[in-house]
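Have a look at the picture first, then read on.

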Amino acid sequence: MLVTLTEAMAPLPDRRQALAAFNVFGYEDAAAIIAAAEELDVPVALMANKLALSHMPVAVIGALLCEMARRARVPVVVHLDHATDFVTVMQAVTAGFTSVMFDGSQLPLAQNIAQTREVCRAAHACGVSVEAEVGSVGYADGTAAHAERTTPEIAAAFEAETAPDALAISVGTVHRMTEGVARIDFALMDKVVATLRTPAVIHGASGVSDEDLHRLVVHGARKINIGTALRVAFGRVLRAEMEAHPGEFDRLKFYGPCMRAVTAMAREKILAMNAG
Ligand code: G3H
Ligand code: ZN
C-alpha cells in the first residue's frame, strides 16, 4: 500500500517504534526490503537519493517504486532523499513520490528556511509529505559537506518558520559509516526533541550500533535512515558469489543471494530499532 510519510508515521507508538527508511537503487533492494517489512508487518520507507537518480530517471524509479509499494502488504512510503533543489523535488512529486526531503543543510539558515517553506507550500499542495534538515549530518567518505550539530534554539526557530512533516537533526551520526561506532549525544537529542512538535529524523544510521538504534527510538526518533549497511550487505555477497562462480555470466543467478542478504540486514535493523 502506497502511503505518505505522515500516514506511515502517524500510527507508530511514540518512543517505541520508528519508521525504518532505507536507501534503494533499483528493483532488487526495494523488493528485498519490502520482504523484510512484510515479514515483520511494519511500514517502511524506500528512499531514492541523488546517486539512484543519476542511474535511473526519476520518473522511471518513481513509477517502479510506487507500483511495488501498491503491491506491498504493508504501508510503503516512496521518498526522495536529500534533494537540494526545487526542480528535483517537483520532478519527484510529478513521478508519484509520496514524500520528499529538501536538504538545505548546506545553506545559510535564512536560505534553508526560505527554500524549505517554498518546497512545503508546493509539495503540500500536491498531498506530498516534506522532510527538512536543520543542523547538518556530515559524511565519513569524503563527500564535501559541512557538519554541524543541531541546537534546540535553531531547531525551534526553524520549525516556527517552516512547516515540514518531519525534521532531520544532527546529534552525532555521520553518513556512510561501515561500522556501528557513532557516538550519539543523547543529552543534546533530548533537548532538541523536547523543543520540537515535528517528528525527528535520524540520518546516517548505518553507523549506529543495534543497541543505540533502539535508544534513538526511546529518545524520540520517529524515522531512522539507513543506506550504507544494505549496500555493504548486497555488495559483499555479490563479490563472494562472483568469485565462487567465475564461469557464471547470468546476473539473475547472483541476485537471489544478494537480495536475501539485504532482507536479512533490513530485518536486523528493523528489529533492533523496535526492540523491547
Ligand atoms: O539519507 C540517507 C541516510 O541518512 C543513510 O545514511 O548510508 O550512512 O546509513 P547511511
Ligand atoms: Zn541522509
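Asp 41 sits in the loop that runs between α2 and β3 (44-48); helices (H or I, at least four residues) and strands (E, at least two) are DSSP runs numbered from the N terminus. The model is predicted, so local features need pLDDT of at least 70 and side-chain atom pairs pLDDT 80 or more, while totals for chains, interfaces and linings use all residues. Residues count from 1 along each chain as its sequence is written, and side-chain values use heavy atoms, without hydrogens and water.

Asp 41 has a positive phi although it is not a glycine. Arg 15, in the loop between α1 (5-9) and β2 (19-23), also has a positive phi and is not glycine. Here are both, with buried meaning under 20% relative accessible area, exposed over 50% and partly exposed in between (1.4 Å probe, protein chains only):

| Residue | Phi | Relative accessibility |
|---|---|---|
| Arg 15 | near 65 degrees | 38%, partly exposed |
| Asp 41 | about 55 degrees | 59%, exposed |

Now for the helices. α2 (residues 27-40) packs against α11 at an angle of about 45 degrees, with the axes 8 Å apart; axes are lines fitted to C-alpha atoms, for helices over the stretch in contact, and angles run from 0 to 180 degrees between N-to-C directions. That makes α2 oblique to α11 (under 35 degrees is roughly parallel, over 145 roughly antiparallel, 65 to 115 roughly perpendicular, the rest oblique).

Tyr 255 belongs to α11 (residues 251-273), and Tyr 255 is buried, as is Phe 234.

Note on methods:
Chains lettered and ligands numbered in written order.
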